[in-house]
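Welcome! Please take a moment with the sequence and the 3D view, and then we can walk through a few places together.

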Amino acid sequence: MTFARARALIVVGVLAVLGVGFVGFALAKDTQRGAVTARTCPQGWPLVDLQLRPPEEVKINVLNATDRPNLATQVAGDFANRKFKVVKKGNDKKGLDKVAALRFGPKAYGSAHLLRAYFLDEAQVQYDPARKDDVVDVVIGDDFKQLATTTEVNQSLVEIKAPQLPPQSCEMPKTAPKAASGS
């Protein structure tokens, strides 16, 4: 056996041992080991959609909780320009001395997480596990100035990290991404 062939066998052997070691380490340090799936979800716990959806798939109601007239229409227009689906706009009876409040249920959890970034994580989060729709109510408050820019939204998404499962709930199985329609 030549020196080059022996050296090649040694390199392949070392790579194989390292590969097996990395796989073993990944399996040992798996953070999803104790995760609750939809199949093992306790009775009565809601299935929460943690998936961050593109704006085209996010449905919102824009509600004005301030004394400023037509604010809901203005903010709804801003969201529509960013491709969000505005279901309705109107006024909210309760006053809000914050930037905004996001009201949502389990089916809109990931969508609300995305919307938090548009308010630079200053929106009050109001999760209702009994709510059945997939719409997020965006309630505009007295401290609202404007929606974040695209760059600010991206930076905010990095800062607030991925959505976390709320207590006493299970993660909804992920759906396959929609295929792009070609011409």
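The paragraphs below visit a pair of strands, a tyrosine and a disulfide. Keep in mind along the way that this is a predicted model.

Let's begin with the strands.

Next, look for Tyr-118, which belongs to helix H3, residues 109-118. Is Tyr-118 buried or exposed? Its relative accessibility is 9%, and buried means under 20%, so Tyr-118 counts as buried. Leaving aside residues up to four places away in sequence, Tyr-118 touches Pro-55, Phe-79, Arg-82, Phe-84, Leu-147, Ala-148 and Val-153. Take Val-153 from that list: 35 residues separate Val-153 from Tyr-118 in sequence, yet their C-alpha atoms are 5.5 Å apart in space.

Our last stop is a covalent link. A disulfide is a covalent bond between the sulfur atoms of two cysteines. How many disulfides does a search of the whole structure find? The search finds 1, and this disulfide joins Cys-41 to Cys-170, with an S to S distance of 2.1 Å. The pair links distant parts of the chain, 129 residues apart: Cys-41 is in the loop between helix H1 (3-28) and strand E1 (47-48), while Cys-170 is in strand E7, residues 170-171. The link is right-handed, with 90° about the S-S bond, and both Cys-41 and Cys-170 are buried.

How values were computed
Residues are numbered from 1 along each chain as its sequence is written. This is a predicted model: local features need pLDDT of at least 70, side-chain atom pairs count only at pLDDT 80 or more; totals for chains, interfaces and linings use all residues. Side-chain values use heavy atoms; hydrogens and water are left out. Helices (H or I, at least four residues) and strands (E, at least two) are DSSP runs, numbered from the N terminus. Buried means under 20% relative accessible area, exposed over 50%, partly exposed in between (1.4 Å probe, protein chains only). Contact means heavy atoms within 4.5 Å. A disulfide is a pair of cysteine sulfur atoms within 2.5 Å.
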